[in-house]
Amino acid sequence: MATRTSFPLILCLWGAGLGAAGQYAKISVIFDQLGAVYPNAGTALGFIVSLVGFVGILLGVVAGLVVARIRYRRAMLWALWAGAGVSLFQALLPSLPLMLASRVIEGVSHLAIVIAAPTLIAQFSEDRHRGLTLTLWSTFFGVAFTLLVALGLPLVEARGLPALFIAHSIWMAAFALVLTVFLRPLETAQEGLLSLRGILKDHLTIYRSPSIAAPGAGWLFYTFCFLAILTVLPPYIAPEWRAWVMGAMPLVSIAVSMTLGVFALRFISAVMLVQIGFAGSVAALVWLLAAPGLPVACLLLAAALGLVQGATFAAIPQLNETATTQSQAYGALAQTGNLGNTIGTPALLVILSIAGYSGLIWTSIIVLAGGFAVHAWMAKRRGH
C-alpha cells in the first residue's frame, strides 16, 4: 500500500475508466441510429450492445486471474491500446459480423481496465484516502454516460457516427500514452500458470471466500435493480416531472456517493455503509409503493443506491489486503455486475407485465433486501 496518494495518477486511472465505460456508452447512446447503418440486422442488432456484457459474464473472474498474472500496468496499457484500435476500426462502420467481432475484443479490453484500474488505485492510495479514491472510481459509468449524452450526441449530429468512434479512440490512446509515462509497475508476488483446472479451482476459491466474494455478491443485487428501475419506472412518474427526475437520479447517486458516502467511510466500514444503502433503498421503495412515481421518493432511492455504489468498491481493499485478492474480487464484481445488468431489466419487465406496478416494486424490495442479507451472512462467516 502507498504511503502517499498521487491524485494526478488516480485521476488518470479514473479517466481511463471513463474510456472503459465509453465502450458501453458509445453504443447505447447511438443505438437508435444503428438501424440505418445495418438495416437488415433485425434482432441481431441488440448484440452490438450486449456482447461486451456477455464477455464480462463469461470471463469476469478469468480476467481477474489473467490480469494478476500479466501484471496490472501491462494489462492496463494493452487494454487501452486495444480499445483505441477497436474504436478506430469501428469508425469504418464495418459489416455487422466484423462489428460484432470487434465488440468481443472490446469486451476483453473493458474487463482488463475495470479490474486493473481499481486495483492500482487501491494500491497507490493512502489508507486515509482510499475511500475517496475508490468512490471516485465508482462514478466512472455514470459520468461517462452523462458526458456521452452531453457531448457525444452533438458530435454525432454535427460530424456523423464515425466521429464518435474516432473521439473515443483518441481518448483511449491519450490515456495509454499518459499512463505509459507515469504509471509505475506494481510489485506483486509471482503467480503460477493458468490452466482450465486451475481456473475452475480459482472460481470455487473466490466464491467460497466471504472476503473476496462479498462485494461481488452484493453487487449482483444492486445491478439487477439499478438500470432496470431507471428503465421501467418513468411511466409512473408524472409527465411534467418525468424527464427531470430520470435525468437527476444518476447524478444524485454520484453526488451522494462522493459526499455523504466518502464522509461516512471515515467512521464506519464500507460493508456497513453498503448495508445502510440497501436498507435506505428498501425504505424508498416502500414509499414508492404507497406513492407511485413520487419524485422525492425516486431521488431518495437514487441517493441510497449511490451509497451502495461507492462503498462496494471501497469494501474490496478493506476486505482483501493483497493486490492479487483485490483483482480477484474486482473480477467477481465484473462478472456479477454484468450478470445483474443483463438479467435485471428483462426480469422486471416480465414481472411488470404479469403483476403490474406493485409486483415490480415488491420484487425490487425483495432483491435489494437480499443484497443486505447476503452481506450480513458473509460478515457472519468472516466472524464480524
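User: Let's start with aromatic pairs. How many aromatic pairs does the count come to here?

Analyst: A pair of aromatic rings is described by the distance of the centres and the angle of the planes. This is a predicted model, and in it the count comes to twelve aromatic pairs. One of them joins W241 and W244, with 5.9 Å centre to centre and 70 degrees between the planes. That makes the W241–W244 pair edge-to-face, because planes over 60 degrees apart get that label.

User: Where do W241 and W244 sit relative to each other in helix α11?

Analyst: Both belong to helix α11, residues 239–264. They are three residues apart, so about one helical turn separates them. As for the surface, W241 is partly exposed at 41% relative accessible area, while W244 is exposed at 51%. The cut-off for exposed is over 50%, so W244 with its 51% gets that label.

User: Which residues do ring pairs link into a cluster?

Analyst: Y24, W137, F140, F141 and F145. Keep Y24, F141 and F145 in mind for the pocket: they are among the residues that lie nearest the centre of the largest one, together with L227 and N341.

User: Fine, on to that pocket. What is the volume of the largest pocket, and how many residues line it?

Analyst: Its volume is about 1,000 Å³, and 35 residues line it. Helix α14, residues 323–381, gives the largest share of that lining, eight residues. By residue class, the lining has 19 nonpolar and 16 polar residues, with no charged ones.

User: And cavities? How many of 30 Å³ or more does the structure hold?

Analyst: The idea to hold on to is that a probe fits in a cavity but cannot get out, whereas a pocket is open. The structure holds one cavity of 30 Å³ or more. The volume of the largest cavity is about 40 Å³, and its lining is made of I229, V232, L233, L285, L288, L301, L360, I361 and S364. Two or more lining residues come from each of α10 (214–232), α12 (270–290) and α14. Here too α14 gives the largest share, three residues. The lining of this cavity splits into eight nonpolar residues and one polar, with no charged ones.

User: Now a single side chain. Is E106 buried or exposed?

Analyst: Look at the relative accessibility: buried means under 20%. E106 comes out at 0%, so it counts as buried. You'll find E106 in helix α5, residues 96–123.

User: Which side chains make polar contacts with the side chain of E106?

Analyst: K26 is one, with a polar contact of 2.5 Å between the two side chains. R103 is another, its side chain meeting that of E106 at 2.7 Å. If you leave aside neighbours within four places in sequence, E106 is in contact with Q23, K26, V86, S87, Q90 and H168.

User: Last one, backbone angles. What is phi of L93?

Analyst: Most residues other than glycine have a negative phi, and most peptide bonds are trans. L93 has a phi near 50 degrees, a positive value in a residue other than glycine. L93 is in the loop between α4 (72–90) and α5. With 26% relative accessibility, L93 counts as partly exposed.

Methods
Residues are numbered from 1 along each chain as its sequence is written. This is a predicted model: local features need pLDDT of at least 70, side-chain atom pairs count only at pLDDT 80 or more; totals for chains, interfaces and linings use all residues. Side-chain values use heavy atoms; hydrogens and water are left out. Helices (H or I, at least four residues) and strands (E, at least two) are DSSP runs, numbered from the N terminus. Buried means under 20% relative accessible area, exposed over 50%, partly exposed in between (1.4 Å probe, protein chains only). A polar contact is a pair of N or O atoms within 3.5 Å; within protein, one must be able to donate a hydrogen and the other to accept it, and residues adjacent in sequence count only if both atoms are side-chain atoms. Contact means heavy atoms within 4.5 Å. On a 1 Å grid over the protein atoms alone, a cavity is a set of points where a 1.4 Å probe fits but cannot get out, and a pocket is an open set with protein on both sides within 12 Å along at least five of seven lines; lining residues have an atom within 4 Å of a point. Grid points are joined across faces, edges and corners, and a volume is the space filled by probe spheres set on the points. Ala, Val, Leu, Ile, Met, Phe, Trp, Tyr, Cys and Pro count as nonpolar, Asp, Glu, Lys and Arg as charged, and the others, Gly among them, as polar. Rings of Phe, Tyr and Trp (its six-membered ring) pair if their centres lie within 6.5 Å; planes under 30 degrees apart count as stacked, over 60 as edge-to-face and the rest as tilted.
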